[in-house]
Structure formats: structure tokens, C-alpha cells
Amino acid sequence: MAEISILSLTTLLFFFFSFSWSLSFSDSLQDSSSYHNNGGFFTVSSFRYPKSQVRPYDTRYIRVDLPPWFSSLNVAIESDVDISAKSVSKISKSLLPVICFRDGSPPLPDASTNALKGLELGRLFNGSFERGQDIEVAEQCYPMQKNISLRLTNEQISPGAWYVGLFNGIGATRTQGKMIVRSSAFSYSANITVEGCRTATMWGPSCNQTIYPLSCSRFDNQTGSVVSCSDSSPSSCLTGVETKTYALDVDGIAEQLVITASDLKVDSNESYLMCYARFGAIASETLHDYAGDIHKVALVINKPKAGRWYISTNSSSNKICFSMNVKVIGCPMGKAGPNCGQQIYMLQAVMRRESLTPFESYYLPVDDATPSGSSITFPLEPIFSNVSSLLLDTSTWTYFLMNIPQGGAGGHIHFRLTSHPTLKYEVYLRFGGLPTVDDHDYYYVNRTSASNSMFFSLNNSSQEKVDFYILYAREGTWSLGLRRLSDSTAATASKDSPTLVSLSLERCPRRCSSHGTCRYAFDASGLTSYSFCSCDRTHGGFDCGIEVVSHLGHIIQSIALIGSNAAALLPAYWALRQREYPEWFLFTSSGISSALYHACDVGTWCVLTYNVLQFMDFWLSFMAVIGTFVYLSTADEAVKRTIHIVVAILTALLALTQATRASNIIIVLAIGSLGLLFGFLVEFVTKHRSYCGSAAFSLNMLDRPRAVKEWFSNLIKTVKKQFRWDFVAAGLVAFTMAAISFKVETSSSYWIWHSIWHLTIYTSSFFFLRSKIAIVNSENQTHHGADNYELTRQDSLPRN
């Protein structure tokens with residue numbers, strides 16, 4: 001049984017012995033150049049992916065197509081990620097940059113909670129993996145490194161599509177909608193080269209291994225088809241440790257692949273002729289799918305996969321001569337299974353009319369897949385096999401073939417079967433060949449007996465219903481086998497309620513569980529379309545089926561984020577009491593806009609569009625912070641109006657361009673400080689202009705230092721008299737707390753720290769507003785008093 005499993009300790013060791021990594025990409029290029037000098041192979045394809053950025057919680061895929069004649073795959077990836085082996089364990093998986101590899105379809109390390117818990121990241125050393133010889137598992141994930149280089153040969157991997165996945169954080173929160181993202185992005189660039197052998201009969205990593213073709217002939221009759229193949233030479237001889245390799249293409253679905261040796265001539269009765277068969281790659285004594293001694297007994301492979309098979313032979317004797325014979329046995333059209341007694345149907349894809357995403361379709365038998373048909377299900381009884389597969393087995397099998405088109409590997413197979421409770425069905429799936437009880441990729445027997453693969457996802461299955469997904473199913477031909485266990489009540493049950501089957505290719509499983517939006521994108525090569533869910537604020541996971549935040553927790557977070565804006569009443573009240581109406585309106589508007597924005601952000605209510613509310617919140621927040629600085633200055637109203645106009649333009653630009661970046665707080669503080677300093681300078685220059693131009697200030701060179709010292713002393717005295725420094729200290733403490741809360745915000749703790757930010761930033765503004773002392777202009781009061789006295793004196797004169 002071919003199971004796709006998560007990397008465990010055992011498979012980790014296998015994988016370390018599976019990759020042949022070069023210590024640097026330059027070594028690979030040097031090897032490549034030497035091979036080119038030998039003239040054994042040529043460059044099939046070469047791609048350079050320019051520097052790209054992977055944002056927090058984002059994903060990038062790269063697809064590489066390997067033709068049947070490829071010899072090696074060279075990959076070099078450079079990034080700005082700098083993670084040491086010691087620091088990997090200290091970084092949360094939700095923040096860790098990860099690179100994954102998978103054969104056939106895009107990798108998905110966090111397909112489920114169990115998959116993520118069982119995931120063990122491989123170890124990287126100096127940007128290279130440990131050397132190995134074979135790949136034994138379907139998906140591998142590693143921490144992203146600064147430099148990664150590898151060379152994989154056709155002895156290690158099979159032809160077809162290979163995928164590289166780059167993840168900036170994995171886990172349920174990767175797809176969760178976030179109010180703000182504080183994680184950092186990373187950039188990467190890649191060079192990928194595929195090389196192939198020039199001569200069809202030469203293969204191997206260096207294109208120096210001879211592949212002997214087999215001459216074949218096909219014979220068809222009513223009982224089936226037989227493709228007979230034999231070595232082109234009448235007799236082949238092996239001496240010592242010599243090995244001979246053959247290639248054979250199996251076209252379509254076959255029942256058996258039989259390998260025999262005839263015309264044997266050996267020098268010892270105890271000699272053996274070992275045969276090794278492998279699908280997609282050269283077979284050897286250590287790397288093979290099937291093996292047997294064909295000296296006396298044939299090697300029989302049941303339900304072989306469609307594609308290229310490699311057969312290698314060696315012997316223990318000093319010399320052995322033989323003729324290689326291979327037979328591919330198939331059934332007549334529409335038949336399959338032992339004795340060709342079971343039914344097999346080709347399913348035709350019918351595109352969904354209402355779907356706007358590519359490759360989304362459902363599958364029906366060819367006779368039922370009419371364009372006018374509206375049903376996406378078909379009854380099973382009219383087409384189900386009625387003959388048992390074996391004499392001692394009372395079960396019956398019915399097979400279905402479905403094809404996933406090229407570029408559709410980013411979709412998911414969705415299978416549903418509804419039947420009477422007394423009917424017992426088992427479902428088996430296999431890629432490239434017919435499934436059996438012992439040889440399959442995925443299976444479902446009952447709720448307690450099903451595949452535990454990370455790419456197999458059950459969906460509300462019960463005794464009456466079978467419902468599951470195959471996530472990111474690879475493109476090509478899939479075989480589905482339905483096995484019905486015979487029962488005396490089966491005939492009666494099938495009449496009462498027919499069995500209905502639905503098979504479809506969907507873009508997002510479970511329609512994102514009604515907690516998100518299904519989106520699709522293309523890999524870096526543009527050859528594959530893949531889908532993903534963008535979840536709401538309270539859910540995450542690949543299908544938005546994981547509740548990240550409970551309903552009660554969501555209510556608490558909403559109240560905290562919205563209600564904390566009531567702290568804006570403190571500075572607004574003080575500004576109104578001091579009859580500073582612009583500041584009152586600014587703080588009131590800032591608190592209201594922030595409350596409305598967070599009400600929309602948490603999904604409660606959106607009075608305007610999200611982008612408008614976000615802009616208003618950040619813009620007015622920036623204006624409120626800088627407005628506090630401007631208020632503290634004692635410049636005249638004309639200067640303040642000028643500063644406010646400049647600040648409004650600058651803060652609007654900040655709010656429109658990357659409003660959520662952390663550096664904005666520093667920019668806002670810098671603008672506010674400059675505004676405060678500018679106001680003080682204008683005020684001071686205006687007050688002391690006459691003094692600076694007087695004769696007292698025009699001292700000789702020896703008296704100027706004393707004058708400057710006195711000037712600064714007067715400046716400090718003036719500043720001290722303008723503020724209540726106990727409120728200034730309180731404002732600084734509150735502002736420091738606001739800065740700390742802003743700094744420690746993360747996507748998971750955003751609600752609590754941002755609520756504290758609201759409370760502390762508005763409180764600090766209140767303290768700063770309270771710290772300013774209203775200065776009474778004594779000069780103006782004197783003039784006004786003199787004028788009043790003059791009027792009084794005039795009124796006191798006698799009038800005639």
C-alpha cells in the first residue's frame with residue numbers, strides 16, 4: 001500500500017539518504033560543464049526567477065517539468081533569510097520561513113491540525129542537505145536558508161512535475177484574516193536547470209548507462225489484449241557483477257506485467273538471475289519497486305502503473321545467458337479486475353457553469369455527461385458489477401477513471417457516496433493504475449478505517465454517506481475502485497434507495513467552510529493554478545475549518561478594540577473646556593473614526609468601505625498625535641494654521657501608503673517634534689528680535705559667550721514657566737506605555753495590545769494638554785488698562 005506520510009524520524013533518515021546535495025551550486029555547474037564536454041546530455045530547460053518577496057503568511061510555488069529523458073535537475077535558491085540551526089527550535093512555526101518539496105502537486109505542510117503536529121522539519125547545514133541516495137516520501141519541508149543548492153538525478157526522482165513551495169509561516173493562522181501584520185517578509189531568487197540525455201538508448205545521471213529497448217507486438221481478442229516484448233538480441237549474457245537494463249512503456253490500464261527469462265544457459269545449477277523493476281527511474285539492487293529471481297519463476301506485477309518501467313538484471317554466476325521476455329496483459333474495453341469480470345468506466349469532466357475559477361468541474365460517466373444535464377450525481381446500481389472478483393471473495397468491484405488536466409494539480413478531488421445503511425461500500429483510489437485492497441494511494445472503509453495521509457480529508461462521513469477530499473491531487477489519470485460487500489438485503493435496499501455517487505474537482509474544500517473566500521493564483525512558472533482560502537478573523541486552517549478565536553473571545557476582542565476608543569473623550573473634554581475647538585473636533589473625530597474602523601475590522605458593522613475607514617482611522621490618529629505637539633507650542637495662530645496644513649498633507653500621504661508599517665510611529669513623532677520646535681523658534685525669534693538687534697547684543701568678541709549663555713538661560717526659564725512638569729512627566733509615562741504596546745503587537749495579541757495603545761495614547765495626549773499653562777500677555781493688558789484709564793479720565797471731565 002502506497003501511503004503518503006508526514007516526515008517522521010524514520011522517513012527523515014530515509015530522506016537524508018535520498019537527496020544528493022552539492023555543497024554549492026558552483027560545484028553543480030562545474031559538474032554540469034564537464035558533462036557537457038563529454039557530449040552526453042543537453043539543457044532541456046533553464047529558468048531564472050528574479051528576486052521576489054514572500055510577505056508574512058504568504059505562499060509561493062515553483063513548478064518544474066521533468067521529461068522522460070531528463071538526466072538531472074539543478075536548483076539554486078538564494079534568500080535573505082538568516083536562521084541558524086540553534087534558533088530554529090525557538091521560532092514559532094507560524095513565523096518560520098519554510099521550503100517544501102513535493103512530487104506531482106503543490107506541497108501543503110499545514111493541511112490539517114494533525115499534519116502540522118506531526119510535521120518534523122528537516123535539518124539544514126550550511127545551506128545544503130545531507131547527502132543521500134533515494135526519496136522515500138512524498139513531501140519534505142525544511143527551514144528556509146540563505147543559500148540552498150541541490151542536484152537530483154534520474155536515479156533519485158521520477159519524470160513528471162515537481163513543486164517547490166515557499167511558506168512565510170505555516171499553521172492555522174496562515175490563512176486567518178488579520179487586523180494587522182507585524183511579521184517580516186523575506187525575498188528569494190532561484191535558478192532551475194533541467195538536463196537530458198542526447199541519445200535515447202543512454203541514460204543515468206551522466207548519460208553513460210545503456211538502456212536496451214524491447215521490441216513489442218500487440219495481440220487483441222475477445223478475452224483481452226496481450227503486448228509481448230522481447231530483447232532485440234536473441235541471447236544476452238552477463239558476467240560477474242555486470243548489469244543489464246531494459247525500458248518498457250505501459251500504455252493505459254493493464255492487469256499484469258509478467259517478466260520472464262527464456263533460453264537460459266548457466267554454468268551452475270545454484271545460479272540465480274535477479275530481476276529488479278522500478279517505475280519511472282532506473283532500478284537497482286538497492287532502489288526498486290519489485291524484485292525476484294526469474295531464473296525459475298516469473299516476476300508478476302499486478303495492476304502496473306501506466307508509464308515507463310525500467311527492468312534491471314544481474315546474476316551470481318560467472319556467466320549466464322538468457323533472453324528477456326515481458327508481457328503486458330490487459331482486459332477488453334470496459335472490463336477490468338481478475339478474469340476481466342468487473343466493470344470499468346471512463347468519466348468525463350463537465351465544467352461548472354456558475355464557477356469562475358479554472359478547472360472546477362464534476363465527473364459523470366461518458367453516456368451521462370450531456371451538456372443539458374443538471375445533476376452532478378449518477379446512480380450506481382445500473383452500472384455496478386454483479387460478478388464477484390474472486391471465487392472465495394463475495395465482494396464486487398466497479399472501477400472509474402478520471403483525468404485531471406495539465407495545470408489542474410492545484411484542485412481537490414471531492415468524492416461523495418450516499419447509500420442505504422445496510423449497503424457496505426469501500427472506496428480505493430490510486431494514481432496511474434487500478435487500486436486493490438493491498439495496493440492503493442488512499443482508501444475509505446469506515447469512519448475508523450481510512451487513510452491517515454495529510455492529503456486525505458474526511459468530511460462528515462457516516463454509515464449512510466461517504467464524503468472525503470483528496471487535497472491537491474496530481475494531474476493525470478486517477479483510478480477509483482468501489483468495492484461492495486455482498487449482503488442478503490442488498491437487493492432490497494438498492495430498490496428502496498438507490499446509491500448516488502458524486503465526483504468533482506473543486507478549488508477550495510468545503511467552500512472554505514462558509515468562513516472565508518476562495519481565491520486562486522498561479523505558480524511562478526504560470527503553468528499551474530492553485531486555490532486557497534482567505535479566512536475571516538475568527539477562523540483559520542486550509543479550509544477555514546479551525547476556530548482560531550471562540551465566539552466569546554471574539555466578543556471580548558470586539559468590545560476591547562471598539563470601547564477603548566472612549567479614551568479619546570479625555571483630551572476632547574479638556575480641549576472643549578479650554579475653548580480649543582480645533583483640538584476638540586480633532587480628538588473627537590479620531591476616536592469615532594477609530595471605533596468605526598475596528599467595528600468593521602472585527603466584522604461587526606461597516607458604515608463605509610473598509611479602505612475608507614482604515615484611511616480615516618490612521619490619518620486622524622496621526623493628526624491627533626502631531627496636533628498635541630503643535631498645541632504645546634505658543635506660536636501665534638497664523639503659524640499654527642500653517643503647521644496644521646503641512647501636517648495634514650504629510651499624514652494623509654502616510655495613511656495612503658502602507659499605513660500599518662511600524663516605522664510610521666517614528667515618522668509621526670519626528671514630524672510632531674519638528675512642528676513643536678518650529679513653533680518655539682518662531683515665538684522666540686519674534687519676542688527677542690529687538691534684543692538681538694540692539695546695541696546690548698552687539699558686544700565685542702569677549703562678551704559674546706556671556707550673552708549667548710544669558711540668552712539660553714532666558715530660553716530655559718521661559719520654557720519652564722509655560723508647562724506643568726508633573727503633567728508632562730505623566731504624559732511621557734503614558735506615551736512610553738503606548739510605544740511599548742505598539743512595539744510588542746503581534747497578529748495573535750493584537751487586540752489586547754492595540755486596546756492598550758488606544759487607552760495610553762489618548763491619555764498621554766490628555767496629560768500633555770493639561771501641562772500647558774495659559775500665558776497672559778502682560779504687555780497687552782498694560783495697553784488695554786491705559787486705554788481704559790484714558791477713557792475714564794475723559795468721561796470724568798465736565799460737559800457743557
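Are Cys535 and Cys544 buried or exposed? Let's work up to that with a few exercises on this predicted model.

**Ground rules.** This is a predicted model, with local features needing pLDDT of at least 70, side-chain atom pairs counting only at pLDDT 80 or more, and totals for chains, interfaces and linings using all residues. Residues are numbered from 1 along each chain as its sequence is written, and side-chain values use heavy atoms, with hydrogens and water left out.

**Exercise 1.** Work out the burial and the handedness of the Cys535 and Cys544 link.

- Step 1: take the cut-offs, where buried means under 20% relative accessible area, exposed over 50%, and partly exposed in between (1.4 Å probe, protein chains only). Cys535 and Cys544 are both buried.
- Step 2: check the bond, a disulfide being a pair of cysteine sulfur atoms within 2.5 Å. The sulfurs of Cys535 and Cys544 sit 2.0 Å apart, so by that definition they form one.
- Step 3: look at the torsion. It is -90° about the S-S bond for Cys535 and Cys544, a left-handed link.

**Exercise 2.** Find how many disulfides there are, then describe the one between Cys216 and Cys229.

- Step 1: the count comes to 9 disulfides.
- Step 2: Cys216 and Cys229 are joined with an S to S distance of 1.9 Å, and the 110° about their S-S bond makes the link right-handed.
- Step 3: Cys216 is in strand β10 (residues 209-221) and Cys229 in strand β11 (residues 224-231), so the pair ties together parts 13 residues apart in sequence.
- Step 4: compare the ends. Cys216 is partly exposed at 42% relative accessible area, while Cys229 is buried at 3%.

**Exercise 3.** Locate the salt bridge of Asp103 and Arg474.

- Step 1: apply the rule, a side-chain nitrogen of Lys or Arg within 4 Å of a carboxyl oxygen of Asp or Glu. The whole structure gives 16 salt bridges.
- Step 2: Asp103 and Arg474 meet at 3.6 Å, N to O. This pair links distant parts of the chain, 371 residues apart: Asp103 in strand β4 (residues 97-103), Arg474 in the loop between β30 (465-470) and β31 (476-485).
- Step 3: check accessibility. Asp103 is partly exposed at 23%, and Arg474 is partly exposed at 23%.

Methods. Helix = DSSP H or I, 4+ residues; strand = E, 2+ residues; numbered from the N terminus.
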